[in-house]
Amino acid sequence: MPLERYVMLDQTQLDIALAFALESRAAARSQAFALKAAQENRGPEARLFRALSASQSVAARRWLMLLRGKIGDTGQNLQEAFQEEMPWKLECYAQWQARTAGGPAKAFEQAGEIARRQEELYHGHSPSEETPYQVCAVCGCPALGPVTERCPVCGALPEKFQAVD
Ligand SMILES: [Zn+2]
């Protein structure tokens, strides 16, 4: 159970876990600020926030490495991401959705749907230059290949999907 990794920590490990959470949050927030700046046609500020987000993502990864130790090989990583973490995440979102009402319940429902679609990427076809992975910039819904319809999760316009190289 992945949660067990986080419940038997000493104070230093807790501090490192908090640093990881802080930097992860900051990275996501900077990315949102970059999108907002781009919408406002403020190119330099959009680039600044993208750089900040990239820097904070690296910091988050370093804290994660300290927290968990070495990263396994790709076979082990696929196992961890899709056999261990994904079912646990789906279960969490389902539980949180069930005990929540209103907007947050909808957000948990969408997060569960996105996790299911992330899982499908693993079982689906591989991407190529013509059919790269795409991600909805609004909700994070992943897809494979050109997107021509609204986001199936949040309803965003097709142009909100960005190719991932
Ligand atoms: Zn979306």
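Helix H4 passes helix H5 in a left-handed crossing, meaning that the near helix is turned anticlockwise from the far one by less than a right angle. Helices here are DSSP runs of H or I with at least four residues, and strands are runs of E with at least two, numbered from the N terminus. The model is predicted: local features need pLDDT of at least 70, side-chain atom pairs count only at pLDDT 80 or more, and totals for chains, interfaces and linings use all residues. Residues are numbered from 1 along each chain as its sequence is written.

The axes of H4 (residues 74–98) and H5 (residues 103–123) come within 8 Å and cross at roughly 160 degrees; axes are lines fitted to C-alpha atoms, for helices over the stretch in contact, with angles from 0 to 180 degrees between N-to-C directions. H4 is therefore roughly antiparallel to H5, a label for angles over 145 degrees.

Turning to the strands, 3 of them form an open antiparallel sheet in the order S2-S1-S3, where pairing requires at least two DSSP bridges between two strands. S2 (142–144) and S3 (161–164) are the edge strands, each pairing on one side only. Neighbouring strands of this sheet are turned by 35 degrees against each other on average, direction ignored. S1 (residues 133–136) is joined to S2 by 3 bridges, and Tyr133 stands opposite Leu144 in S2.

Notes
Angles under 35 degrees count as roughly parallel, over 145 as roughly antiparallel, 65 to 115 as roughly perpendicular and the rest as oblique.
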